Each structure stands twice: as C-alpha cells, then as structure tokens.
Amino acid sequence: MKARHQRLMAIGLVLVGLGLGTTFLLRAMNENILFYYSPSQVAAGEPPEGRRFRVGGLVVNGSVDRVPGDLEVHFVLTDNAKTVPVVYSGILPDLFREGQGIIAHGEMTQDGSFRADEVLAKHDENYMPPEVEDSLKQVHGGSET
Amino acid sequence: MWTWIHKLGSPPHFYRIATRLTPWFGWAALLLIVAGIYGGLYVAPTDYQQLDGFRIIYVHVPSASLSLFIYVNMALAAAVGLVWRIKLAHAIAAACAPIGASFTFLALATGSIWAKPMWGTWWVWDARLTSELVLLFLYFGYMALRAAIDDENRADRASALLAIIGVINVPIIKYSVDWWNTLHQPATLSKLGKPSMDPDMLIWLLMMLAGFMCFFAAVVLTRARAEVLLRARDQRWVRQALEGR
C-alpha cells in the first residue's frame with residue numbers, strides 16, 4: 001500500500017468515525033435540539049413539567065380574541081389533532097394571522113392554558129405572488145363545495 | 001487525462017490558467033448579479049404574505065448556499081493536498097476560507113434582518129441557525145490555525161485536518177430543517193422535483209445564485225494566484241511572470 005493510499009484511508013476512517021460519533025451524539029440529544037413541541041406532544045405530557053418550553057402549531061381560524069384596550073390576546077394552536085389555548089400579552093410579529101404557523105414560548109398554567117411571553121411566526125418555504133394565492137384559494141374553495 | 005491534471009498541479013501553469021480565467025468569471029458575475037438584483041427588486045412580483053419583505057431572499061439564499069459550497073470546496077482541496085501532498089491544493093484551500101466566512105456572515109446577517117419583522121426576533125437557537133453559526137466559527141478557526149503556525153507545511157497539514165473534520169457540519173446544516181423542528185423553514189430550492197417558489201420569482205434567484213458562484217470563482221482564483229506567488233516568491237518563474245505583464 002502506497003503512502004498516499006494510507007493517508008486517503010486514514011482521512012476516510014476519521015470521517016466515518018466522526019460521522020458515526022456525531023450521529024449517536026445528535027440522536028442522544030434529540031430532545032434538546034427540538035425547538036418546539038406540538039400540541040399533541042403537549043397533550044401527551046412530553047414537555048418537562050414546571051419548566052418553560054415552546055409549543056408550535058397553526059392558529060385555529062376564528063380563535064383569535066383580543067382584549068379591547070389592551071395588548072392581551074387569546075388564541076388556540078392546533079396540529080390538526082390536539083389543541084392548546086394560548087394567552088399572550090405583547091406585540092405580535094407581522095406574519096401572525098389565523099391559519100399561520102406560530103411558536104409560543106412560555107409555560108403551562110393551572111387552568112390548562114399556555115401563558116406565552118414570546119410569540120414567533122414560523123414561515124413556510126412557499127413563495128408566490130398574491131394573484132397566484134387568490135386563484136389557488138378559488139380552486140381549493142371550489143373543490144370543497 | 002492524468003498528465004493534464006499533473007500539469008494543472010504545477011504552480012506556474014496554474015497561475016497562467018487562473019490569470020486567463022479570472023476576468024471571464026468576474027464579468028459574468030457582474031452581469032448576472034446586476035441583472036439578478038434588478039429583476040429581484042423591481043421585476044419579481046411581491047409575495048402573498050411577506051409582500052416586499054421577501055426580496056432579501058435574493059441575497060440570503062445564494063449566500064447561504066455559497067457558504068456551504070465553499071466549505072466543501074475548501075475541505076476537498078485540503079484533502080487532496082493532504083493525501084497527494086500537492087501544495088497548490090493547500091493554497092487553494094487557504095484562499096477559500098475568508099470568502100466562505102464572508103458569505104456565512106452575510107447569510108446570518110441578512111437572515112437576522114429578515115427574521116426580526118417576520119418571525120418577531122433577531123435570533124433563536126434553533127438547529128439551523130446554530131449550525132450555521134458553528135460554520136462561521138469553523139472558518140474562523142481554520143484561518144486562526146493557519147495564522148498561528150509559522151511553518152508553511154505544518155500550517156497546511158494542521159489546517160487541512162481541521163477543514164476535513166469540519167465537513168461533518170455541512171450535512172447537519174443542510175438537513176437540520178428536516179431532522180428537527182426548527183423555526184427556520186425547510187429548503188425552498190434544491191429539493192428534488194418542483195421548487196416551492198413561483199417561476200417569476202425563482203428565475204432571479206437562480207440568476208443571483210449563478211452570479212454569486214461566478215463571483216466566488218473570480219475571487220478564489222485571484223486569491224489563489226496571490227497565495228501561489230507568495231509561496232514561490234524566490235523562484236524564477238515568479239519574476240518572469242511579474243515582469244512579463
């Protein structure tokens with residue numbers, strides 16, 4: 001075996017070893033890398049109790065309820081299986097709207113609702129002009145009726 | 001084939017070819033980027049949700065792609081240099097690092113500016129953002145390691161090893177949005193099949209990407225030429241090449 005083949009082998013082995021090590025490490029830490037829990041996971045009691053965590057889901061249509069004269073807003077998050085009611089007081093991001101993906105950071109309260117002190121809007125990977133979105137909606141609405 | 005590759009590995013030959021190629025890439029980059037920016041900022045329609053705010057994608061996505069592409073290039077060049085003991089390959093790897101670091105910074109900065117109004121925060125520690133930040137530190141570490149070792153050969157070998165080990169981070173960045181729940185959205189481009197972007201918007205993004213690629217080619221060739229000259233500063237062909245201009 002020539003010296004350069006040995007070096008090539010050594011680099012290959014280092015990469016394979018590191019790759020395996022990193023895979024196991026990341027698998028072991030999977031829980032901590034998750035940025036948010038879904039409402040189903042919350043309902044199943046997966047988030048750590050008594051600790052702050054994030055819950056992510058879609059804002060249920062018609063669930064947004066603003067308290068007049070105050071920043072406080074109530075809404076419900078869903079993953080189309082379970083729901084979590086959220087209370088938040090503060091400025092909402094631009095992309096916040098009904099049907100939008102939202103991530104709220106806070107903790108569960110005694111009455112089973114989620115008290116958030118930070119609300120982030122999750123954007124999806126789709127980009128299109130407003131006209132396209134309108135026609136998509138029409139096609140979608142047409143097929144539903 | 002092999003003689004051609006061996007010839008390319010010789011610094012004077014590489015210097016000549018690089019000198020000839022650089023202006024082509026430079027002009028192509030200028031044309032593509034100017035056209036891409038005009039198209040992206042004026043011609044492309046607004047987004048249905050973000051309105052004009054989405055237009056930062058025309059800098060953000062090409063920068064982020066390039067930050068990964070350049071790292072892979074750098075690690076490949078470093079591996080070739082390490083295995084075949086080709087000094088030119090080390091010179092190219094060294095030339096890549098600051099460019100890659102700049103694009104990584106640009107991707108992080110433009111992403112942050114976009115994230116404040118859209119997500120509602122400048123920064124979150126989700127898997128995509130954190131791994132991209134690690135990439136920036138890998139570039140910094142590579143450059144610092146090179147700068148810290150005076151002996152050229154030892155600097156080449158030590159930094160090459162760091163570059164190769166850091167490659168592990170590249171698939172983590174790329175697939176972080178698929179493997180974990182992240183705040184960052186999944187890839188718009190580079191999915192097999194249909195991209196999730198309207199063609200009228202997409203064409204300018206692809207143009208910017210091609211322009212950034214050409215820009216990288218022009219800059220890396222220029223930097224590699226300087227690096228080659230510096231390393232061969234007491235050889236005769238360098239004096240001839242510089243006097244012959």
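**A helix and its core**

Guide: B:Ala78 touches B:His90, B:Ala93, B:Ala160, B:Ala163 and B:Ile164, leaving aside residues up to four places away in sequence; two residues are in contact if their C-beta atoms, placed from the backbone, lie within 7 Å. This is a predicted model, in which local features need pLDDT of at least 70 and side-chain atom pairs count only at pLDDT 80 or more, while totals for chains, interfaces and linings use all residues. Residues are numbered from 1 along each chain as its sequence is written, and chains are lettered from A and ligands numbered from 1 in the order in which they are written.

Helix α3 of chain B covers residues 57-84; helices are DSSP runs (H or I, at least four residues), numbered from the N terminus. From first C-alpha to last, the 28 residues of α3(B) reach 40 Å, close to the 40 Å expected at 1.5 Å a residue (1.5 Å times one less than the number of residues). Of these 28 residues, 22 are buried, meaning that 20 or more other C-beta atoms lie within 10 Å of the residue's own C-beta, placed from the backbone. Just after α3(B), B:Arg85 has a positive phi of about 55°.

The largest nonpolar core contains 64 residues, and B:Met74, B:Ala78, B:Ile92, B:Ala93 and B:Cys96 have the most contacts inside it. Such a core is a set of buried Ala, Val, Leu, Ile, Met, Phe, Trp, Tyr and Cys residues joined through C-beta atoms within 7 Å. With 16 residues, α3(B) gives the most to this core.

Conventions: Helices (H or I, at least four residues) and strands (E, at least two) are DSSP runs, numbered from the N terminus. A residue is buried if 20 or more other C-beta atoms lie within 10 Å of its own, exposed if 12 or fewer, and partly exposed in between; C-beta atoms are placed from the backbone.
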